Amino acid sequence: MTGTQFQPSEDFAVVMDARDPLAHFRGRFCIPKTKTGDDCIYLCGHSLGLQPKTVSSYLEQELRDWAQLGVEGHFHAKNPWMPYHRLLTQQTATLVGAQPTEVVVMNSLTVNLHLMMVSFYRPTIGRHKILVERGAFPSDQYAVQSQIRFHGFDPASSLLELTPRDGESYLRDEDIESLIDRDGDSIALILLGGVNYVTGQAFDMAEITKAGQQKGCVVGFDLAHAAGNIPLRLHDWGPDFAVWCNYKYLNGGPGCVAGCFVHERHARAWDGPRFAGWWGHDEKTRFQMGPDFHPMTGAEGWQLSNPPILALAALRASMEIFVEAGIEPLRAKSVSLTGYMEFLLRQQSSKFSIITPREEERRGAQLSIRLPGDGRKLCDRLAAEGVIGDWREPDAFRVAAVPLYNSYQDVYRFVQRFSAAL
Ligand SMILES: Cc1ncc(COP(=O)(O)O)c(C=O)c1O
């Protein structure tokens, strides 16, 4: 599909959908409906992914086992709950390019971010800064500020922000690297989003990791907008840790359990600080209920609590579909769909600008459209008509064509409706 000469007609979109080898996956999802019963044009998978139709049967299995077995379900459910989270380990590892021992599905994103910073943000007088993108997701900003204060430092001097050049909307690779080169000796932790939530910019995580580690910095990524969106090779790229949520491109459902990666070099033998809970304790002796903490090896050693089985069940339904489709074919379609959307938008672009990078390796599925004036009203009006994107203050309308369930016709119709609404 890449290299296709796009055409600005619905017929072209129809042909592209007919040729799309992944088109049938759309039928596996519940597509929200308009008041008149038509499919919405849902371009909001960067915020909340759609529900796989199989979710209810996965949930029903666990509800049945709970009803019939009670506590015995921990060992005798069809999929015993004790090791239930491991049903997601191999799939998660494949998705983020990790060894199984490096990943675990647990908690929520911000909780995991704190757990990782407890272990990996170890400020000293000479090296206490955290490097983030300016305008990082608020939860990340609050988390890093509170960690800095927790260690007795002041965000005013310990928080370093990467800022695009004047008049530019996203960061240049060379500016990230030169800042790391210049200030790296005072940076304890580099924490960037794999894909920025406002602009949709995808960072060169391999290069950033290399540059940071050459300067002795710990490197972590918030992959909320990257996981399930772009291919990841966390083990090879070598960041120290990464965290992500599973409810955006990964369709695990609202508030779904999150993901966490700890590189093997730490995960196998960790003697640094960590906040511990009983589910991180060696499973062989966990139920001896002893007072001393002996961690599991791998990322599992960072678990706190016994996990929410119903939420994991919903995520399993989605991950099965991901495995079947494969991240590489999904990415190929995603590049094409987003390219098509950009092609159509650029033909209409006198009243707005696109603030997402143009290079395909610098973005995922999301395009962010800067709308001057009352852009939010336009976004709300489109939503009322069943065209679902979302708005991020002060001026960004975000839309993502998700390759699992969006079609070329969705993209074509979206641009038509958007232009009309403008
Ligand atoms: C980039 C990013 N980081 C962090 C969060 C916070 O996630 P959670 O509420 O699951 O902790 C979000 C939520 O949308 C996000 O987009």
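Predicted model: local features only at pLDDT ≥ 70, side-chain atom pairs only at ≥ 80, totals over all residues.
Residues are numbered from 1 along each chain as its sequence is written, and side-chain values use heavy atoms, with hydrogens and water left out. Helices (H or I, at least four residues) and strands (E, at least two) are DSSP runs, numbered from the N terminus.

**Helix 2 against helix 12**

- Helix 2 (residues 55-69) and helix 12 (residues 309-325) pack at an angle of about 145°, and their axes are 8 Å apart. Axes here are lines fitted to C-alpha atoms, for helices over the stretch in contact, and angles run from 0 to 180 degrees between N-to-C directions.
- On the helix 2 side, the contact (heavy atoms within 4.5 Å) uses V55, Y58, L59, E62 and L63. Helix 12 brings I309, L310, A313, A314, R316, A317 and E320.
- Sorted by class, that contact has nine nonpolar, no polar and three charged residues. Ala, Val, Leu, Ile, Met, Phe, Trp, Tyr, Cys and Pro count as nonpolar, Asp, Glu, Lys and Arg as charged, and the others, Gly among them, as polar.

- In helix 1 (residues 10-19), F12, A13, M16 and D17 are buried; buried means under 20% relative accessible area, exposed over 50%, and partly exposed in between (1.4 Å probe, protein chains only).
- Those buried residues line one face of helix 1, because they fall within an arc of 135° seen down its axis. The arc is that of the directions from the helix axis to the C-beta atoms.
- Turned away from that buried side of helix 1 are the exposed residues D11, A18 and R19. The cover over the buried residues of helix 1 includes helix 13 (327-346) and helix 15.
- Helix 14 (residues 375-384) buries G375, L378, C379 and L382. They sit on the same side of helix 14, since their arc around the axis is only 100°.
- K377 and A384 are exposed on the other side of helix 14.
- Covering the buried residues of helix 14 are, among others, strand 13 (387-388), strand 14 (390-392), strand 15 (396-400) and helix 15 (408-421).

**Just after helix 14**

- G386 follows helix 14 and has a positive phi, near 90°.
- V387 belongs to strand 13 and is buried, with a relative accessible area of 1%.
- V387 and L43 are 344 residues apart in sequence, yet 7.5 Å apart in space, C-alpha to C-alpha.
- Setting aside neighbours within four places in sequence, V387 touches I41, L382, F414 and R417.

**Cysteines**

- The count is zero disulfides, a disulfide being a pair of cysteine sulfur atoms within 2.5 Å.
- C44 is buried at 6% relative accessibility. The closest cysteine sulfur to that of C44 is in C379, 8.0 Å away, so too far for a bond.
- C256 is buried at 3%, and its sulfur is 8.8 Å from the closest cysteine sulfur, in C245, again too far for a bond.

- Most residues other than glycine have a negative phi, and most peptide bonds are trans.
- N107, in the loop between strand 4 (103-106) and helix 5 (109-120), has a positive phi of about 50° without being a glycine. N107 is partly exposed at 24%.
- M289, in the loop between helix 11 (264-267) and helix 12, has a positive phi of about 60°. M289 is exposed at 55%.
- The E393 to P394 peptide bond is cis, with omega near 5°, and P394 lies in the loop between strand 14 and strand 15.
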